[in-house]
Amino acid sequence: MLRLQTQISDLVDQLRNITIQVSGMTPTAGSPAPTPAPAATSPLPLAVPHPGPSQHSLGHTAPAAAASSGMAATGPSDNSQGQACSELHLSKPEHARGVNVSRDLIKHLISVYFQYCHPSETGMYPMELYRDRLQRAQVSETFLLSVLAVASRLSDDPRVKREPAYLAGYDFFERVTRGLMMDVLERDCVENMLTLNNLAVYAVGLPVANRGWYFSGLAMRMATQMSLQKVDAPGRMPGASMMSGPGIESARRAFWTTLLLEALASFASGEPPPITIQDIHVAEPVDDPPMLGDESAGPATGTSASSQMATDEDSDARPAPAGLKSMPNVCAFTAQLSMLLIRVARLNGNRHPESAQFSPEYATLHAEMVAWYHALPDNMQIRATTARDEILGDPQLFAAKMFVHCHYHAAIIALHQPRVDLVRVESSTGYRDAKGEGGEKKPACHGPPADVQWRQLAQQQCLTAACTMTELLTLARALDVRYHIVTFGFAVFMAGVVHVGAVACTPRDSNERQYSINCVKEHVRCLDRLGKYFAFHFIMAKHIRAQLHAIESADARRQNAAAVAEAMSNCTAQSVHPQ
């Protein structure tokens, strides 16, 4: 059987090579290159030298040295007509499919990428420089392909649309993961780290979302290999390639995006992150100059985020550029949120029962999170009176603010949810009938112990956070869901599960139960909309619907059983006392 499988695999590879050779995409190994077609229709080959192991690189690749970064766009092909080529061909090894992409499609997809993806998600600084280098193909092939993969899923262009929609761009994703992955891993640099982040963002949108966290984990390992977590450590001199302002700020932005994805991975999986906040000595990122109109409008970068977690008063106090409304530095608040998510994930640990116990650290973290949220400046708030205007004016900024608010409330739920489970266990046994160590009955008490009161408070915190998130989702109905960061649905799902629990704990015909059911429907509606572009969100919506249906079915069975029992009791009473 093994020999047969090997023979079948060889035959499939030969057939693929023959097909590729006939179509003129690229020659097979050892065969002469095909005669190029006229320049107006022939693909433009992109030379991809195999990068050998090299020292860490944190700076940008100069346009003149684009070939050394892994991809070089050659000039017009040498032919009699001298016409410019209209397509790019991404060269391939024998075991991977080649990809032909027109320059017009690349330009469109890059525009889509920067339209829907917030800077805190892309990790690129400055974005205009990255946009220009991507459009000119002056980046590595793997980096360009990863951007095209993410953008294809968000594009309406029929050339990349697929059914279902979340599979759009899979050819680009597969081209990197199956054929060029070692090119990414063999060289530690910011560009390859951003490539892994893009692969993580794309993979999270597939049905098996957990695979996306493998790429974010690799990106985090690459960041620590380059010591990016110590860029602003006291007494540390950055490398020669990071001495310039854009270079070191680019490293900061890339690190914070990597940390955000890793924090969200731990947040979604419940596993502790591989890094602690004590290891991080990186100044908070600044917004792009084109966005604010002035580099000085961003926050000071002299202090690390680990020492500035509670407030960011300066960001709201700085004067806005002339003619431009004061805008929040969302990237800085997203970095602060990442730190909070990491602390929550590490406190909850590996879901061991001990991690759910009341502790001073738990109370301290809760207090710090509430203080941080209440200290958000006015331009980071979301209000019902202005939400629609903000969506129409700057949907990307509104989506980023939604991400910060909703993930804060999800972090509150994640912090308190393990303690809610203990409330259910202990409340089922009762406090007045509790037994002592020797089996003797304890004297009746007038209330639960102090730690149980904290757990009851945890239940209240979860419900409050879930209801607040529902109100935010209602305000954001007019927002195109493509602006949401790919992990937004995890926060929506967590709050939806809390509402499902509230449905199960309230009387069948009460107003509280109907309110909880309406909240569940709002979360399912949001997940269904996200599920069009990110498969796992549709699965989460299906899971919540199944839970709600199970609760309603159980209530209906209990109601029917009670009705039958009452009818039998009436029949028995009539037989004993006939009229």
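Predicted model: local features only at pLDDT ≥ 70, side-chain atom pairs only at ≥ 80, totals over all residues.
Student: What is the protein chain made of in terms of helices and strands?
Tutor: The protein chain has 20 helices and four strands. Buried residues account for 49% of its 579 residues.

Student: Why is Pro-328 called buried?
Tutor: The relative accessible area of Pro-328 is 3%. Buried means under 20%, so Pro-328 counts as buried.

Student: Where does Pro-328 lie, and which residues is it in contact with, leaving aside neighbours within four places in sequence?
Tutor: Pro-328 lies in the loop between helix H12 (313-317) and helix H13 (330-348). With those neighbours left aside, Pro-328 is in contact with Asp-287, Phe-333, Asn-379, Met-380 and Leu-397. As for Gln-381, its C-alpha is 9.8 Å from that of Pro-328, and the two are 53 residues apart in sequence.

Student: What makes H8 roughly antiparallel to H9?
Tutor: Helix H8 (residues 190-204) and helix H9 (residues 211-225) pack at an angle of about 165°. Angles over 145 degrees count as roughly antiparallel, and therefore H8 is roughly antiparallel to H9.

Student: What else describes two packed helices, besides the angle between their axes?
Tutor: The distance between the axes is also given. For H8 and H9 the axes are 7 Å apart, and H8 passes H9 in a left-handed crossing. Among the H8 residues that meet H9 are Leu-196, Leu-199 and Ala-203; on the H9 side, the residues include Trp-213, Phe-215 and Met-222.

Student: At what angle do H5 and H6 pack, and what is that arrangement called?
Tutor: Helix H5 (residues 141-154) and helix H6 (residues 170-179) pack at an angle of about 150°. Since that is over 145 degrees, the pair counts as roughly antiparallel. The axes of H5 and H6 are 7 Å apart, and H5 passes H6 in a left-handed crossing. Leu-145, Leu-148 and Ala-149 are among the H5 residues in this packing, which meet Phe-172, Phe-173, Arg-175 and Val-176 in H6.

Student: Which residues of helix H4 are buried, and how do you know that they are on the same side?
Tutor: In H4 (residues 127-135) the buried residues are Met-127, Tyr-130, Arg-133 and Leu-134. They cover an arc of only 130° around the axis, so they are on the same side of H4. Just after H4, Ala-137 takes a positive phi of about 60°.

Student: How much of the accessible surface belongs to carbon and sulfur atoms?
Tutor: The protein chain has an accessible surface of about 27,300 Å², and 56% of that belongs to carbon and sulfur atoms.

Conventions:
Residues numbered from 1 in each chain as written. Heavy atoms only, no water. Buried < 20%, exposed > 50% of the residue type's maximum accessible area, 1.4 Å probe, protein only. Helix = DSSP H or I, 4+ residues; strand = E, 2+ residues; numbered from the N terminus. Arc of directions from axis to C-beta. Areas by Shrake-Rupley, 256 points an atom, 1.4 Å probe, with all protein chains shown as cover. Axes fitted to C-alpha atoms, helices over the stretch in contact; angles between N-to-C directions. Parallel < 35°, antiparallel > 145°, perpendicular 65-115°, else oblique. Left-handed = near helix turned anticlockwise from the far one by under 90°. Contact = heavy atoms within 4.5 Å.
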